[in-house]
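Please examine the model below before reading on. The paragraphs that follow lead through it step by step.

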Amino acid sequence: MKDRNISLAVIRRLPKYHRYLKELLDNDIKRISSKELSKIIGFTASQIRQDLNNFGGFGQQGYGYNVEDLYNEIGKILGLTRNYNTVIVGAGNLGQALANYSSFDRLGFNLKGMFDINPKIIGLTINDVKVIDMDSFETFVNDNNVEIVYICTNRDGAQDVADRIQKTNIKAIWNFAPIDLKVREDIIVENVHLIDNLLTLSYFLKE
């Protein structure tokens, strides 16, 4: 994608296409035009065509898009043709909510373990996944070929977790802690700062 100079904005729209196409498939819709997809998804028809043309284009003039083919192709672009082993660090309310979210497994993100430092939580089983002491973190993630860590700790503990991640083979972090982590350049970090999103909502309400 670097060679094709595809913008991050386009990449961030792909999951939305994937989600809406799945809903169309579930409703047994076989084909759809960019104009019809525009009404459903909220992007202009021109924007949809431009986005998809970044990857070669998938429609046919006078026919539109084959929904199943487009869904599968976007899945390939998003890397959903394989499974990813994941773990959660921080087995509090947020960590447990993520562990109970069934769509992760459906998409190929397989939760292998949960970690915490709280002795009251260690040993619990959340959706068939056991909470393990952080003392075993490095050994567990390397032995189980874990590629993604979901950090659900508080702000103070998140960077410590990130430091430990850098001693393993972990390739990506999904960070829910309200802090910008410092990691090596070869580790991908996707931040979900809930307070930032809430404050953005507050701004639009004020306006």
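Predicted model: local features only at pLDDT ≥ 70, side-chain atom pairs only at ≥ 80, totals over all residues.

H1 covers residues 8–26 and helix H2 covers residues 34–41; their axes come within 11 Å and cross at roughly 100°. How are H1 and H2 oriented to each other? An angle from 65 to 115 degrees counts as roughly perpendicular, and H1 and H2 are therefore roughly perpendicular to each other. On the side of H1, the contact is made by Lys16, Tyr17, Tyr20 and Leu24, while H2 contributes Leu37, Ile40 and Ile41. Sorted by class, this contact of H1 with H2 holds six nonpolar residues, one charged residue and no polar ones.

The chain continues to helix H3, which spans residues 45–53. H2 and H3 pack with their axes 8 Å apart, at an angle of about 105°. That angle makes H2 roughly perpendicular to H3. Here Ser34, Lys35, Leu37, Ser38 and Ile41 in H2 meet Ala45, Ile48 and Arg49 in H3. The contact of H2 with H3 comprises four nonpolar, two polar and two charged residues.

The remaining pair in this group is H1 and H3. The axes of H1 and H3 lie 11 Å apart, and the helices pack at an angle of about 105°. H1 and H3 are therefore roughly perpendicular to each other. From H1, the residues in contact are Val10, Arg13 and Tyr17; from H3, they are Gln47, Ile48 and Asp51. By class, the contact of H1 with H3 has three nonpolar residues, one polar residue and two charged residues.

Database records may now be set beside the model. An unreviewed UniProt entry carries the annotation "DNA-binding region" for residues 16–55. In the model, this span is 70% helix and 5% strand, and its end C-alpha atoms lie 16 Å apart. UniProt also lists residues 79–180 as "domain: CoA-binding", again in an unreviewed entry. The span 79–180 is 29% helix and 28% strand, with its end C-alpha atoms 25 Å apart.

Finally, the unreviewed UniProt entry places a "binding site" at Gly90, Ala91, Gly92, Asn93, Leu94 and Gly95. Which of these residues belong to the lining of the second largest pocket? That lining includes Gly90, Ala91 and Gly92. Gly90 is found in the loop that runs between strand S3 (84–89) and helix H5 (93–99).

Notes. Residues numbered from 1 in each chain as written. Heavy atoms only, no water. Axes fitted to C-alpha atoms, helices over the stretch in contact; angles between N-to-C directions. Helix = DSSP H or I, 4+ residues; strand = E, 2+ residues; numbered from the N terminus. Parallel < 35°, antiparallel > 145°, perpendicular 65-115°, else oblique. Contact = heavy atoms within 4.5 Å. Nonpolar A, V, L, I, M, F, W, Y, C, P; charged D, E, K, R; others polar. UniProt positions renumbered as here; feature names shortened; annotations may be inferred. 1 Å grid on protein atoms, 1.4 Å probe; cavity = no way out; pocket = protein on both sides within 12 Å on 5 of 7 lines; lining within 4 Å.
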